[in-house]
Amino acid sequence: MDSTQRHDEAVSGPEAPAGQTALLGVETPLTLDCGVELGPFTVAYETYGKLNEDRSNVILACHALTGDQFVTGTNPISGKPGWWPLMIGPGQPFDTDRYFVVCANVLGGCMGTTGPKSIDPKTGKPYGLSFPVITIKDMVRAQAMLLDYLGIQKIFCVSGGSMGGMQALQWTVTYSDRVHSAIPMGSAAHHTAQNIALHEVGRQAIMGDPDWHGGDYLSHNTIPRAGLSVARMAAHISYLSEAAMHRKFGRQLQDRDTISYGFGADFQVESYLRHQGTIFVERFDANSYLYLTRAMDYFDLISEFQGVLGDAFKHSPTRFCIISFTGDWLFPTSVNRTIVHALNAAAANVSFVEVESDKGHDAFLLDEPEMFETIRGFLKGAAEHWSGDTP
Amino acid sequence: MTSDPNSTPSSDIRIDLLLIADLIEPGSRVLDVGCGDGSLLHHLAQAKKADGRGIELSQAGVNACVAHGLSVVQGDADTDLVNYPTAAFDYVVLSQTLQQVRHPRDVLCELLRIGRRVVISIPNFGHWKVRWKLALTGRMPVTEALNRQWYDTPNSHFCTIKDFVILCADLGIQIERQNSTDMQGRRMPIVGAGSLANLFSEQGVFLLSRPADHSSTAPGAG
């Protein structure tokens, strides 16, 4: 099947995003965890490489909180490189000369998939806060509908880091018979109190911005720049390690030789964070940020299985490779190890590697040769045990 | 860790690992505790079509294993075996590691809970050279087989073959087979399984099982 024949059927007009889209849930809507029936809805996605004859080479990449469907090559919206070029591309671990890589913008996102900034067909206005609350499981259900639409039954490998890792884990639980192998990186079976607390700071910054207008800022022709920017600054700190920050900035001053005895950006690290906040506002929707952080907070595979995570993976046919990073304090090795222990308790097929890196939570996006070597080896082992049959 | 992912870890498999592999039936589910670079797991997958998993303490070892496509997790025998369900494996292998764990008796009980059979190898502190050196010099023996000084050896719980056999008896563990070897794993058939084995073998390799009527729960730590 040549999937490129099927794109751009769904969305047209001023909302049409760059790239491919699918209109899903037309006949049967998607029943969300919150009880709302959503449909029809749009999923914006990209594919890389070529689907082979027996459809055995599908890799589903799941993006993190502020990621999008443009994993590699040039992002047509921003004009910048995709977010995972070291992992995905010709000759990379997810080798697009060999694999057919699919990545979709998550439900509730703001890069073309239906989310709070999309137009509510009932009102003709953006959903804003009337958009239903989305969960990680809802995102995964929408991805499964996309794969149905693309004619793909079984995934060779599902992978992602952080929120992408949560989706990968949810895939192995909700659609275990469709997932041959999974590589969740820097991930967790649930959000901890600290994770939720950090997200709440970001949300309060957005909602406390007068330009937020109760979520209705698009009708007021404004966006909560200050709030969203602060949310990004706080989150960005949590993605780096203390060591990485010190190495990059130390206490170096920005464009001055001495401290100013004021509150300008004296320090380089301040200037850097302000810049990160400013550019983020240009590319990300504030309400989407609220919805997606909430989805991560609500994610709890442990309580979904009455406190016994091992039950989530009972009789799992999936081959797992859990990867954590020594310098990741947001999703530290200990929470990744919890997943490993649960997989062991279910006698599942699991590999677990802790990659030595002091680059923080974002390490999964960066040049980590040990991680690449692990993934190449794991995929090689997974390919030797591929079976297209589903139970 | 810079191993070549295209090389195979079993190309020069140690003789003692081959001896362990000989005790394992083809097509078995095997857990190798302290699997190192995965040589045994790789050999078992190739030669015995085994479904193998590993636990390894060292990060370099784990990464080498996974990069070779083996299913291995980073973990500690003392703390992580409790997570595995009972009778999940046909065989659990513990090679040259029991003397390094904090609670050897508990670990042994866990191995026999997780696996229907256990293959275990231990260095023999009852070897005549060890006895001779201790008796003669009054110092902790350093031999070719046990070649580290007391202050930097990873071995914290030395035992003799006789000690191990007695522990098995105390725990109601059945010794199905016992091989005596030198440290390279070369079989020493003459010495048998009695006091001569305890005097002349550098290493004991045991195939253990727990009689069906015996409780599989570990006794309280002593």
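1. Basis of the note. This is a predicted model, in which local features need pLDDT of at least 70 and side-chain atom pairs count only at pLDDT 80 or more, while totals for chains, interfaces and linings use all residues. Residues are numbered from 1 along each chain as its sequence is written, and chains are lettered from A and ligands numbered from 1 in the order in which they are written.

2. Confidence. The mean pLDDT (the predictor's confidence in each residue, from 0 to 100) of chain A is 93, and 94% of its residues reach 70 or more. Over residues 1-16 of chain A, however, the pLDDT is below 50, although this stretch has 18 contacts in the model beyond near neighbours in sequence; a contact here is a pair of residues whose C-beta atoms, placed from the backbone, lie within 7 Å. Where pLDDT is low, the predicted coordinates should not be read in detail.

3. The two chains. Chain A brings 22 residues into contact with 18 residues of chain B. On the chain A side, the elements that give two or more residues are helix H9 (333-345), strand S14 (349-355) and helix H10 (369-384), where helices (H or I, at least four residues) and strands (E, at least two) are DSSP runs numbered from the N terminus. H10(A) gives the most to this side, with 9 residues. By class, the chain A side divides into 8 nonpolar, 7 polar and 7 charged residues, with Ala, Val, Leu, Ile, Met, Phe, Trp, Tyr, Cys and Pro counted as nonpolar, Asp, Glu, Lys and Arg as charged, and the others, Gly among them, as polar.

4. Tyr291(A). Leaving aside neighbours within four places in sequence, the contacts of Tyr291(A) include Phe131(A), Val133(A) and Gly115(A). Gly115(A) is 176 residues from Tyr291(A) in sequence, yet their C-alpha atoms are 8.6 Å apart.

5. Backbone points to check. Most residues other than glycine have a negative phi, and most peptide bonds are trans. Gly39(A) and Pro40(A) are joined by a cis peptide bond with omega of about -5°, and Pro40(A) lies in the loop between strand S3 (37-38) and strand S4 (41-48) of chain A. Asn221(A), in the loop between helix H3 (193-207) and helix H4 (225-239) of chain A, has a positive phi near 55° and is exposed, with 6 other C-beta atoms within 10 Å.

6. H3(A) against H7(A). The axes of these helices come within 10 Å and cross at roughly 160°, where axes are lines fitted to C-alpha atoms, for helices over the stretch in contact, and angles run from 0 to 180 degrees between N-to-C directions. H3(A) is therefore roughly antiparallel to H7(A), since angles over 145 degrees count as such, under 35 as roughly parallel, 65 to 115 as roughly perpendicular and the rest as oblique. Among the residues that make the contact are Ile196(A) and Arg203(A) of H3(A) and Leu290(A) and Asp297(A) of H7(A).

Methods. Contact = placed C-beta atoms within 7 Å. Buried ≥ 20, exposed ≤ 12 C-beta atoms within 10 Å, placed from the backbone.
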